[in-house]
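This briefing sets out what can be read from the structure shown below.

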2 protein chains.
Amino acid sequence: MVAERLLSDWVAAEVQLAPEIVPLLRRRYAILRALAVAAPVGRRALAERLSVPERPLRADLEVLRQQGILSVSAAGMSLTEGGKRAYLGLQPLVEQLLGLDVLAQQVRISFGLPMVQVVSGDADLDPFVIEEMGQSAAGLLVSWLRDPQAVLVVTGGTTVAAVGRALTARGERFPHLRVLPGRGGLGERVELQASTIAAQIATAAGASYRMLHVPDPISPQLYEELQRDPLIADTLAQITTGTLLLHGIGDARTMAERRGLSAEQVRSLLASGAQGEAFGFYLDANGRIVRETPALGVRLEQLPRFQHILAVAGGSAKVAPVLAVLRFYHRMQLAPTLVTDEACARGLIHIAKEEQPWQ
Amino acid sequence: MVAERLLSDWVAAEVQLAPEIVPLLRRRYAILRALAVAAPVGRRALAERLSVPERPLRADLEVLRQQGILSVSAAGMSLTEGGKRAYLGLQPLVEQLLGLDVLAQQVRISFGLPMVQVVSGDADLDPFVIEEMGQSAAGLLVSWLRDPQAVLVVTGGTTVAAVGRALTARGERFPHLRVLPGRGGLGERVELQASTIAAQIATAAGASYRMLHVPDPISPQLYEELQRDPLIADTLAQITTGTLLLHGIGDARTMAERRGLSAEQVRSLLASGAQGEAFGFYLDANGRIVRETPALGVRLEQLPRFQHILAVAGGSAKVAPVLAVLRFYHRMQLAPTLVTDEACARGLIHIAKEEQPWQ
DNA sequence: CCATGCGGGTCAAAAATTGTCCCAAATGGA
DNA sequence: TCCATTTGGGACAATTTTTGACCCGCATGG
């Protein structure tokens, strides 16, 4: 605690004296993160993924190379051992330098949440930011997963998938754990399915799991029929015993299209004010439910039963969806933990300052 | 201790990731130091004293102004309250960032000294560096001055005068202390005389002092005569009871000229290899005494009696003189504490690496 | 009161950065 | 084994930024 306090003082003085180090460290740290995740990677590919012009990136890479932080080969660039150490050791410093801790506290207070974590960057510009959100969320999750009663319910999506990868990478085992998908199958990509992620997490953690072999937008006829299937019914029953909920937050239009809604249906959905989506509910800017997807899985009335709800989403395009979900939870008198990125957090703060958070 | 350790780790990682902050912080810190000492000061005067081109300085000043670190008026620029706080709080960070602690350790080990302190900058280029050396030396001194038995012997010179100013500024009082000049009058400038500095320190500390009203280069006839003077004899006797010695280190040529030696005498002195001077002794590169100034004051055989000897000198031009003095002490089997600046310390290390420190 | 030194403005020259090529070599999937 | 692809590094003109060298009106302090 003392050390942290001192660090923040030093950082504050340093930033005051030399504010130009902030964008500098931001860039360099993003490069390290990218290399830590995707090495070996080439200069052009890196520029593409970081949404940065190639030549400036080259200048940065040159400095890092001379510092012995990265090694180059014909296959691309990788972090050296020292570079990995620097990357890992730098996280608290970068958080301080970029003011991420302050940002997280602002979001936490503004929206009345129990805990908020903010990672550096913008997931829309730099795909590696999603991985870092995943690691951050995984860190929170494992502390909850130690509970022998823990039953984890997960949804699908790219961000939740990143949490799964991060949990797998940690290699910690929770044999008593049970992992369940909170939704059925949605879209085509198998690695983003709730069932797939549940299975991945459970396998890595040495835990048990169930899959939910139902389509996500479900027709009324199938609804009754599938509920009578004993295996499905059992899985649904187990979901009601969940203690931890991990879910992503979607953009209304994207999710509607992924669920195969017609252009007309999408138009009507958006006309009704839908901004965000979470586990099947489309929410407007005030957090009101605009439309509920007919599907099997975690249900509205179950939400209060979870001990912890962890929402993960980032990128500047997710500001409105996240805002919708946070207001939805506020209406429900629930308080989820939020893991997001810098761009999204700044957007949330910007809006919170302009208007009353709860209208 | 923990905090320091962590700080150094963070700093190491930060410097690795963004080495360009080192010259940046070096410049900005020098500006803060100058403003802390000499405010209010104008842009051109500042550029002159810092030996920096005006336009780049202006760019730095612009940043610092926008950061609210300095305030401008028609009389010049000054530090704001926040700027003063940043300046004071930044010292340990700057020491780490510029590697001054490492440098000090290298000098300490290379020359077998008990303690070495290094301040940032080059006294030859930036006159404020002398003030910082003074503050550093004053910090060491006060810890020794708490000893009720303390008797402090000081020499003259610009650097020792800066120590006197710094001690005065601290405002701590040592009523039991006795301060004595280690040399007679030398040159014309009263504020650089050993007696003047002794009186200044003693007055500020509420201590007692004596003056030594004798010329420094003294003729053989006067030598006997003045020693018979009861007041002078008593002062000389008191000097033999000294427990702490504070002295500067001079360049041989400069000191010889200041003592009024003829051009011929100076030439012969330099031809005999004289590099440095300390309390009257001219020393060659190996630390051998080349010539002893006939004078009254602290004598060679007294040196081992001091509990602490503190040598203060800086600037790249003082490398050879300091080296000569350090080797002299090594021959005497004495180990002084050294306060110097970055430029001088790097010069010492450079030489120590090339040759064996003791031949 | 007035001369000195103050901050700030201006602008051409110089330096650094950036955009956009190219290339030989190594890679890795077929 | 081969060959399409991607790698890092070189080169260089276009562009932006920084630097040097002025000038000006004005507050300040002797």
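Over all chains, a search of the whole structure finds 37 salt bridges. The coordinates are those of a predicted model.

**A salt bridge within chain A**

- The side chains of A:Glu54 and A:Arg44 meet in a salt bridge, with an N to O distance of 4.0 Å.
- This pair links distant parts of the chain, for A:Glu54 lies in helix 4 of chain A and A:Arg44 in helix 3 (residues 43-50) of chain A, 10 residues apart.

**Extent of the interface of chain A and chain B**

- On the side of chain A, 28 residues are in contact with 28 residues of chain B.
- The area buried between the two chains is about 2,500 Å², and carbon and sulfur atoms give 72% of that area.
- In chain A, the residues that lose the most area to chain B are A:Trp10, A:Gln16 and A:Leu17. Together these residues account for 31% of what that side buries.

**Polar and charged pairs across the interface**

- Two salt bridges are found by the rule across the interface of chain A and chain B.
- A salt bridge joins the side chains of A:Glu20 and B:Arg28, at 3.0 Å from N to O.
- Five residue pairs are counted in polar contact between chain A and chain B, with both residues at pLDDT 80 or more.

**Make-up of the chain A side**

- Helix 1 (2-17), helix 2 (21-38), helix 4 (54-66) and helix 5 (81-97) of chain A are the elements that give two or more residues to the side that touches chain B.
- Helix 1 of chain A supplies the largest share of this side, nine residues.
- By residue class, the side of chain A that touches chain B divides into 21 nonpolar, four polar and three charged residues.

**The sheet of chain A**

- Four strands of chain A form an open sheet in the order 8-9-10-11, with antiparallel pairing.
- Strand 8 (250-251) and strand 11 (289-292) of chain A are the edge strands, and each pairs on one side only.
- Strand 10 (residues 281-284) of chain A pairs with strand 11 of chain A over three bridges, in the antiparallel sense.
- A:Tyr282 has A:Arg291, in strand 11 of chain A, as its bridge partner.
- Helix 13 (residues 263-271) of chain A packs on the sheet and touches strand 9 (274-278), strand 10 and strand 11 of chain A. The direction of helix 13 makes about 155° with that of strand 11 of chain A.
- Helix 14 (residues 319-331) of chain A also packs on the sheet, touching strand 8, strand 9, strand 10 and strand 11 of chain A. The direction of helix 14 makes about 70° with that of strand 9 of chain A.

**The sheet of chain B**

- In chain B, four strands form an open sheet in the order 8-9-10-11, and the pairing is antiparallel.
- The edge strands of chain B are strand 8 (250-251) and strand 11 (289-292), each of which pairs on one side only.
- Strand 10 (residues 281-284) and strand 11 of chain B run antiparallel and are joined by three bridges.
- The bridge partner of B:Phe281 in strand 11 of chain B is B:Glu292.
- Helix 13 (residues 263-271) of chain B lies across strand 9 (274-278), strand 10 and strand 11 of chain B, and runs at about 155° to strand 11 of chain B.
- Helix 14 (residues 319-331) of chain B lies across strand 8, strand 9, strand 10 and strand 11 of chain B, and runs at about 70° to strand 9 of chain B.

Technical notes: Residues are numbered from 1 along each chain as its sequence is written. Chains are lettered from A and ligands numbered from 1 in the order in which they are written. Side-chain values use heavy atoms; hydrogens and water are left out. Two strands pair if DSSP finds at least two bridges between them. Contact means heavy atoms within 4.5 Å. Axes are lines fitted to C-alpha atoms, for helices over the stretch in contact, and angles run from 0 to 180 degrees between N-to-C directions. Buried area is the accessible area (1.4 Å probe) that two parts lose on being put together, summed over both. A polar contact is a pair of N or O atoms within 3.5 Å; within protein, one must be able to donate a hydrogen and the other to accept it, and residues adjacent in sequence count only if both atoms are side-chain atoms. Ala, Val, Leu, Ile, Met, Phe, Trp, Tyr, Cys and Pro count as nonpolar, Asp, Glu, Lys and Arg as charged, and the others, Gly among them, as polar.
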